[in-house]
Amino acid sequence: MVTDLTAESAPQETPELPLRRNLKFQTYWIGATAGGTGIGITNLAFPLLILSTSGSASRAAMFGAIQAGTQIVLGIPAGALADRMNRRGLLIAAELVRLVALAGVAAALWLNVLTWVQLLATAVAIGCAQALGGPARALILRTIVPRSQLTQALSQDEVRVNAAGMLGPMVAGSLFAVARIAPFLASMGGFLVSLCTACLVPFDGRPNGDAKGRTKGGALEGLRILWRNRALRWITAAAAMVNLAGAAVVLIVVVMLKQQHFSSAATGFALAGEALGGIAGATVTGRLHRWMQPGKLLLTVCWLCLPLMAALAVPLGPIWIFALMFTFAAGGPALLVMVDILVFRQAPDEVRGRVIAGTFMAFTVGAPLGSLIAGKLLDQFSPQTSILVVCALLAIPLSLVTAQRSLRDAVWPD
């Protein structure tokens, strides 16, 4: 049980309307979905572009590692900013950065002057925007939805995240087959919609709390809160390891399908299975929480990942990969809502931005390392062998995490 976090301060009063009639939430949801789709497009479009122009899996891995690394490095400062500055302004700034960065890539492709240096700069810009926008969006959601509806809103938001993740790769793969510039233009459209809704949705973006959080610790306060609780430490470690393996496997799958001469559209379809699985999982989040305590739920999902990842090495084509990715992702929404219940809702508003940023940073710290590991493995081994090596690397730390009684015995807070 989480015992070392103070009770949440009373949220701003919001009319108890059904979510479907909550104009603020629905406007937020549309913009977040559009922006998430844009990110989903770029997540596949950039590796496809780099592989088609350079043929280097290491360069594709480096792009992903730099993007994720920038997001991680700036995550903690971004959380502190979200506790001290107007969250609307931070969100608008993040959307503008993404839009301008993609416009630069599209223009360079049109003029046939795109360079590796510009691609690396774009990776930094996208990572920066993700770091700024993530905590701001999470905090904004809590100002436009009553606390009694927050779990329902988060489950619907998981549907949005995974719907965007499903559409993004499919759109990217299909459009890239038509023209290299096409997916980047489509992602710009998504970022533009997201920017417009950030400007239009009515909410109070000002931070709450005494002196805007200055008396509640420094920028690292979020990480301190996580570290003080033993169960949360191991939850964070398990999620970070699975994210590391997941980032590695996605790149390996892209390279494997390319070597098997499947089209970019087929690759997009295969990766969309992960998002569709997340949508299905969001519909059963409440049931999973009633059936299992948080520690056992986390360990069950993590251990199920191993055989599913290993099965990706069997060369049965995009439909097989789609089905495995679907199953792999079905438990994700329940884990993310679990983190919100165990961590975010237990933190006072004046430090919640730093808690969210610290948690996101801890969860994603393995992603850039996973991309780099995948690139190095692909330089030495076949994609199938690389997948099996990643699974073996994941099994060792998962065994250590499973041995922790504090995690196995973790329970839901009262």
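Modeller: Let's start with Arg 137, which forms a salt bridge with Glu 95, their closest N and O atoms being 3.2 Å apart. Please keep in mind that this is a predicted model, where local features need pLDDT of at least 70, side-chain atom pairs count only at pLDDT 80 or more, and totals for chains, interfaces and linings use all residues. Residues are numbered from 1 along each chain as its sequence is written, and side-chain values use heavy atoms, with hydrogens and water left out.

Biologist: Why is the pair of Arg 137 and Glu 95 called a salt bridge?

Modeller: The term asks for a side-chain nitrogen of Lys or Arg within 4 Å of a carboxyl oxygen of Asp or Glu. The N and O atoms of Arg 137 and Glu 95 are 3.2 Å apart, so the pair qualifies. In general, side chains of opposite charge can pair when their charged atoms come close.

Biologist: What does the pair of Arg 137 and Glu 95 tie together?

Modeller: Arg 137 lies in helix α4 (residues 116–144) and Glu 95 in helix α3, so the pair links parts that are 42 residues apart in sequence. Helices here are DSSP runs of H or I with at least four residues, strands are runs of E with at least two, and both are numbered from the N terminus.

Biologist: What makes Glu 95, Arg 98 and Arg 137 one network?

Modeller: They are joined by salt bridges that share partners. Glu 95 also meets Arg 98, with N to O at 2.7 Å. Glu 95 and Arg 98 both sit in helix α3 (residues 87–111), three residues apart, or about one turn of the helix. The whole structure has two salt bridges.

Biologist: How do you know whether Glu 95, Arg 98 and Arg 137 are buried or exposed?

Modeller: Buried means under 20% relative accessible area, exposed over 50%, and partly exposed in between (1.4 Å probe, protein chains only). Glu 95 has 2%, so it is buried. Arg 98 has 7% and is therefore buried, and Arg 137, at 13%, is buried too.

Biologist: Which residues does Ser 194 contact?

Modeller: Contact means heavy atoms within 4.5 Å. Leaving aside neighbours within four places in sequence, Ser 194 touches Gly 31, Ala 34, Gly 35, Glu 95, Arg 98 and Arg 137. Ser 194 belongs to helix α6 (residues 182–200), and its relative accessibility of 0% makes it buried.
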